[in-house]
Amino acid sequence: MSTAPMPPSNHPHQNAGSPGGPFPPPPSRPPRRQGWFGRQSEAVRITVIGAVIAGVFSLAGAVLTSALTDKGEGPSDAKAPTESVTAPPSSSGQQPSEESSPPSTSSAPSTPSDQESGGPSPDDSSTAPPPAPAAASYTLFYPKQAMSLGLPPDSDLGTIDFDAPATRRYTDEEWDRAKEEADQSGVPVEADLTYQNTLEGYLSLRNGRNAAQLQPTDASEEAADCARAARVGGFTESTMSKWDLPAKTVLCVLTDKGNIARVVITGFIGGNPNSSIAPPTQIALEVTLWKPGT
């Protein structure tokens with residue numbers, strides 16, 4: 001019996017992986033079909049992926065906000081819905097408006113200042129007493145007293161006090177001091193009329209007095225008639241450079257002490273009626289004064 005080895009066979013061994021031969025190759029797979037996304041270029045696929053991611057985050061944010069709002073944890077600047085208060089219907093059956101507003105508080109009307117209402121100028125005393133009530137009778141104190149009111153230069157003032165009677169010239173500083181003392185004491189300055197400003201010639205009635213300007217034909221010489229006209233008033237100031245107070249003009253003045261002065265302009269000294277800046281340097285007057293009877 002022969003012991004020679006058998007020649008190798010040309011056929012592969014049936015058991016894969018046996019030492020007798022190599023592994024057989026795996027069977028080939030059919031090619032996969034590519035969808036729409038797979039057929040696109042890399043740039044298109046990146047754009048689509050980014051859009052999908054952004055949409056997911058937006059959806060998640062909306063869901064989170066909705067959840068927080070339902071739990072009362074909304075943003076701090078969120079405004080609460082306005083509640084409309086509906087009042088019960090009135091007895092007449094008419095339905096009131098849906099929104100009710102709180103009643104408004106009324107404030108007292110403001111009182112205009114003296115300057116806004118045409119009251120006394122800042123030069124006058126704000127504590128001047130009101131005019132005294134009309135008297136039943138008057139007593140003659142002095143009749144037809146000749147007086148003269150001068151126009152000083154610079155800023156000085158010429159003044160006249162019918163109650164005294166007396167005239168006086170004040171410097172600007174003296175006049176300011178007199179007004180300050182009047183404000184502190186509550187008593188008006190002594191002067192009833194002042195005359196100042198060499199260009200304009202301001203003839204002014206001081207605070208605490210009343211005066212009326214009358215035409216010579218209408219001016220009664222009776223105390224009661226002059227007192228009645230003075231209480232009605234109407235005269236406060238005249239610019240004498242305009243020469244609008246002619247001679248024989250009558251002023252009925254209720255003084256700060258309650259006396260009645262009938263002042264007649266009898267003439268002028270100095271000045272130039274044909275110039276608008278040359279008032280008379282003196283005004284000549286004739287004054288009669290009555291005091292109220294007891």
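Mentor: Let's start in helix H4 (residues 223-232), where Asp225 and Arg228 sit three residues apart, about one turn of the helix. Helices here are DSSP runs of H or I with at least four residues, strands are E runs of at least two, and both are numbered from the N terminus. This is a predicted model, in which local features need pLDDT of at least 70 and side-chain atom pairs count only at pLDDT 80 or more, while totals for chains, interfaces and linings use all residues. Residues are numbered from 1 along each chain as its sequence is written, and side-chain values use heavy atoms, leaving out hydrogens and water.

Trainee: How do I read a contact like that, and which atoms of Asp225 and Arg228 meet?

Mentor: Side chains of opposite charge can pair when their charged atoms come close. A salt bridge is called when a side-chain nitrogen of Lys or Arg is within 4 Å of a carboxyl oxygen of Asp or Glu. Asp225 and Arg228 form one, at 3.0 Å from N to O.

Trainee: Is Arg228 buried or exposed?

Mentor: We go by relative accessible area: buried is under 20%, exposed is over 50%, and partly exposed is in between (1.4 Å probe, protein chains only). Arg228 is exposed at 52%, and Asp225 is partly exposed at 32%.

Trainee: How many salt bridges does the rule give?

Mentor: Six. One of them joins the side chains of Arg209 and Asp256, at 3.1 Å from N to O. Arg209 is in the loop between strand E5 (202-205) and strand E6 (210-214), and Asp256 in the loop between E8 and E9, so this pair ties together parts 47 residues apart in sequence. Arg209 is buried at 6% relative accessibility, and Asp256 is buried at 17%.

Trainee: Which residue forms a salt bridge with Asp256 at 3.6 Å?

Mentor: Lys257, with that distance taken between the closest N and O atoms. Lys257 is exposed, at 52%. Asp192, Arg209, Asp256 and Lys257 are linked in a network of salt bridges.

Trainee: And how do I read the strands, say E8 and E9: in which sense do they pair?

Mentor: Two strands pair if DSSP finds at least two bridges between them. E8 (residues 250-254) and E9 are antiparallel over five bridges, and Val250 stands opposite Val264 in E9. Their hairpin has five residues between the strands, and Gly258 takes a positive phi near 85° there.

Trainee: What joins E9 to strand E10?

Mentor: Nine bridges, with E9 and E10 (residues 282-292) running antiparallel; Val263 has Val287 in E10 as its bridge partner. E9 (residues 260-269) is mostly covered, with seven of its ten residues buried.
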